[in-house]
Amino acid sequence: MRQLYTLLFYLLLPILLLRLWWRGRKAPGYRQNWSQRLGLGPAVGQPVIWIHAVSVGETVAIAPLVNRLLARYPQHRLLITNMTPTGAAQVRTLFGDRVEQRFCPWDLPLALRAFLRRTHPELCIIVETELWPNLINQCARAEVPVLLANARLSERSARGYQRFSALTKPMLQQLSLIAAQGQADADRFLTLGMPPERVEVTGSIKFDLQPDAGQVTSGRTLRERLGLERPVLIAASTHQGEDEILLQAWQQLKAVHPELALILVPRHPERFDAVAELCRGYSDRLVRRSRGDRPDEHTELYLGDSMGELMLFYAAADIAFVGGSFSGTGGHNPLEPAALGLPVVMGPDCFNFQSITDALKEAGGLVRVADAAGLQAQLSIWLEGVDRRREAGQQAAAFVAANRGALDRQEQAVSRLLSQG
């Protein structure tokens, strides 16, 4: 089955290159360092720990472990690969030149062999669910242990893997260890054929996120400029279609809460200008972060059109809507605002963080709504009831604090695998 998959991948290579060029029209980063996707690039001259984080979310999630490994293994070079330019930019923002950053080779044996020859990793750490059959196979052939860290597997994804079990079961059985976020994730991996002795429930590293003190301070400064006495709502990591929902809700809520400010943070940078135009249709009191203009107490809409500053924007807000939950994409990480003590509201699509959203909801720190009307109603409840809002925020922060510890367990897993090499 893998041979057929590989043949199809090679046949599609011209289309992949064309798609890379096409996406580069709006996001020029796709046209940069494209040869790295074929496994090309300079050799690395010291022992390598390879970490693959597909994009921004995975990079942020694995950052605490990266910082631990940088301190514990100074003799190693940490190489972080991404699939997207935004992920690559996030690596540079978080770590600068302390790590090596490259684009991950496409899942082609020749490209992966070239990459492994140039880097000779002693361990490969894959973040969450970015599994590729040839990548795993080539690591196994080169005797490179593979850890699936912070692993999660939704019911929907598990059904997709099951449909192609002839391809996915052998791939899973070549993994050295799966460090699953929760028991439900572990059970799904076991059902798909992963050997039980190579599955551990470690919890999610996302609980060990320590908000950057500098960003929190900058966020408090932003809040002071917006006005300490007025309510501030943040709509974070929004996808196309969600900005309209939040702007309409904000417009309706302003009839009762005229001082309400909205911080809008689109997920993808190629949408920044389009969202700015959309905002101008609702208010001319718009300030864009990228323009360097200072907001004030008259600012109604603040567009967070920058990368790597999401915690800054959360720190300036009272209530958080987490995007991707009205777009069918499965939602984004609600623990980031929860760690800062914000009550969280999300739409119905949360399958990317199902166990976390369920548990945070049970703890009282998150509310899920079915539609735009439900969103507006929940926001109204928290805007009118300050005590209820603060209580939900306190419960969110307490939930995050109570679930820390996954970072230690996954660092121990890395140590075990490196010592076996």
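**Stop one: a charged pair**

Select R368 and D358: their side chains meet in a salt bridge, 3.9 Å from N to O. By salt bridge I mean a side-chain nitrogen of Lys or Arg within 4 Å of a carboxyl oxygen of Asp or Glu. R368 sits in strand β14 and D358 in helix α15 (residues 354-363), so the pair ties together parts that are ten residues apart in sequence. Helices (H or I, at least four residues) and strands (E, at least two) are DSSP runs, numbered from the N terminus. R368 is partly exposed at 26% relative accessibility, and D358 is partly exposed too, with a relative accessible area of 38%. The scale here: buried is under 20% relative accessible area, exposed is over 50%, and partly exposed is in between, with a 1.4 Å probe and protein chains only.

Before moving on, a word on the model: it is predicted, so local features need pLDDT of at least 70 and side-chain atom pairs count only at pLDDT 80 or more, while totals for chains, interfaces and linings use all residues. Numbering runs from 1 along each chain as its sequence is written, and side-chain values use heavy atoms, with hydrogens and water left out.

Pick R77 and E100 next, whose side chains form one at 3.6 Å, N to O. This pair links distant parts of the chain, 23 residues apart: R77 is in strand β2 (residues 77-82) and E100 in strand β3 (residues 100-103). E100 is partly exposed, at 21% relative accessible area.

Now jump to D185 and R188, where the closest N and O atoms of the salt bridge are 3.8 Å apart. Both belong to helix α9 (residues 183-191), three residues apart, about one turn of the helix. Is D185 buried or exposed? D185 is buried, with a relative accessible area of 5%.

**Stop three: S154**

From R188, step across to S154, which is in contact with R188 and F351, leaving aside neighbours within four places in sequence; contact means heavy atoms within 4.5 Å. S154 lies in the loop between β5 (146-151) and α7 (155-163) and is buried, at 12% relative accessible area. Its side chain reaches the backbone nitrogen of S157 at 3.1 Å.

**Stop four: the sheet**

Show the strands in the order β10-β11-β9-β8-β12-β13-β14: these seven form an open sheet with parallel pairing. Two strands pair if DSSP finds at least two bridges between them. β10 (286-288) and β14 (366-368) stand at the edges with a single partner strand each, so one side of each has no neighbour in the sheet. Zoom in on β12 (residues 319-322) and β13 (residues 344-346), joined by two bridges, and find F321 opposite V345 in β13.

**Stop five: the cores**

Which residues touch the most other members of the largest nonpolar core? In this core of 37 residues, they are L222, I234, I263, F313, Y314, L340 and L342. A nonpolar core is a set of buried Ala, Val, Leu, Ile, Met, Phe, Trp, Tyr and Cys residues joined through side-chain atoms within 4.5 Å. Helix α13 (residues 310-315) gives the most to the core, with six residues. Last, select C124, A158, L175 and V199, which are among the 33 residues of another core, lying apart from that one.

Definitions and conventions. Polar contact = N/O pair within 3.5 Å; in protein donor to acceptor, adjacent residues only side chain to side chain.
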